[in-house]
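Q: Could you take a close look at a single part of this model for me? I would enjoy one connected walk through the details.

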Amino acid sequence: MGLLENLFGKSAKSDGDDARIAKASERGGGGSSRGSDGCKRDGDCAITVMGPGCKKCRQLHEHALAASKRLSRPVRVDYVTDPVALADAGITSTPALLIYGKVVSQGRVLTEIDIVALFEKNAG
């Protein structure tokens, strides 16, 4: 049974799409052995930007990288574009920002200062 049959109860024309979708869902988060929040293990990465790779998502990622340099400790920043990982994380609007796997912002490009403040508030 294909993905469309599972989701909509309809048959889909077999053109290899199911194989690509299955491989994406087996990958997990960012295309490697990552969880739905993009981290390899729970708590492994501190900041995760999630989005399809659009201009706003890339901009949020740049702001997150700049914010990580302002923090008093080293912080890992990941960027996840896998649509399956976005769905698994419950992301409904992109770009999204996660701190230690917790969604703290969706649908906005936060400034570097906003990200630092959110990190300090949520990292405790």
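A: Leaving aside its neighbours within four places in sequence, Ser105 touches Pro95, Ala96, Leu97 and Leu110, where contact means heavy atoms within 4.5 Å. Ser105 sits in strand 4, which spans residues 102-106; helices (H or I, at least four residues) and strands (E, at least two) are DSSP runs, numbered from the N terminus. With a relative accessible area of 7%, Ser105 is buried; buried means under 20% relative accessible area, exposed over 50%, and partly exposed in between (1.4 Å probe, protein chains only).

A word on the ground rules: this is a predicted model, in which local features need pLDDT of at least 70 and side-chain atom pairs count only at pLDDT 80 or more, while totals for chains, interfaces and linings use all residues. Residues are numbered from 1 along each chain as its sequence is written, and side-chain values use heavy atoms, leaving out hydrogens and water.

Now to the cysteines. The structure holds zero disulfides, a disulfide being a pair of cysteine sulfur atoms within 2.5 Å. For Cys54, the closest cysteine sulfur is that of Cys57, at 3.1 Å, which is too far for a bond. Cys54 is partly exposed, at 32% relative accessibility, whereas Cys57 is buried at 0%.

Finally, confidence: pLDDT is the predictor's confidence in each residue, from 0 to 100. The protein has a mean pLDDT of 75, and 63% of its residues reach 70 or more. Over residues 10-43 the pLDDT is below 50, and this stretch has 45 contacts in the model beyond near neighbours in sequence. Where pLDDT is low, the predicted coordinates should not be read in detail.
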